[in-house]
Amino acid sequence: QVQLVESGGGLVQAGGSLRLSCAGSGRPFIIFHMGWFRQAPGKEREFVAGIQYNGENTYYADPVKGRFTISRDNAANMMYLQMNSLKPEDTAMYYCAAVIMSGFYGPSRAQNRDEYDYWGQGTQVTVSS
């Protein structure tokens, strides 16, 4: 069993920054590819960023490219999402997710929420204008 717990969300003004964290327990992080997704009220859960098990490859949704950075620390069982230049449209519940490392993890797989085996409960990010 794997447990994922997000933290770091909050209320921030447009143009500000937040750093989200995802803490894992139950199994070593290094066996998982990881991703961040978000869901705004009335919308479907959407891909934000993904990172390969060893951190060598990362993928981003177009709306966050150049503003968000995904990273991980496998020794600490942690994953992060640094969010800069936040916009009101970034307001959403942010979830971390994990998929067991098997097969190629490319952009298509990273973006597909159905690929992920484990999910956290989410952390709320609200960006005011």
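Reader: How many salt bridges does a search of the whole structure find?

Author: The search finds six salt bridges. The model is predicted, so local features need pLDDT of at least 70 and side-chain atom pairs count only at pLDDT 80 or more, while totals for chains, interfaces and linings use all residues. Residues are numbered from 1 along each chain as its sequence is written, and side-chain values use heavy atoms, with hydrogens and water left out.

Reader: What makes D62 and K65 a salt bridge?

Author: A salt bridge is a side-chain nitrogen of Lys or Arg within 4 Å of a carboxyl oxygen of Asp or Glu. The closest N and O atoms of D62 and K65 are 3.1 Å apart, so the pair is within the limit of 4 Å. D62 and K65 are exposed (over 50% relative accessible area; buried is under 20%, partly exposed in between, with a 1.4 Å probe and protein chains only).

Reader: Why is R109 called buried?

Author: R109 has a relative accessible area of 15%. Buried means under 20%, so the word applies. R109 forms a salt bridge with E115, with 3.1 Å between the closest N and O atoms.

Reader: Why is E115 called partly exposed?

Author: The relative accessible area of E115 is 29%.

Reader: Which parts does the salt bridge of D90 and R67 tie together?

Author: The side chains of D90 and R67 meet at 2.7 Å, N to O. D90 lies in the loop between β8 and β9 and R67 in the loop between β6 and β7, so the pair ties together parts 23 residues apart in sequence. Strands are DSSP runs (E, at least two residues), numbered from the N terminus.

Reader: What makes the pair Q52 and N57 a polar contact?

Author: A polar contact is a pair of N or O atoms within 3.5 Å; within protein, one must be able to donate a hydrogen and the other to accept it, and residues adjacent in sequence count only if both atoms are side-chain atoms. The side chains of Q52 and N57 are joined at 2.5 Å, so the distance is within 3.5 Å.

Definitions and conventions. Helix = DSSP H or I, 4+ residues; strand = E, 2+ residues; numbered from the N terminus.
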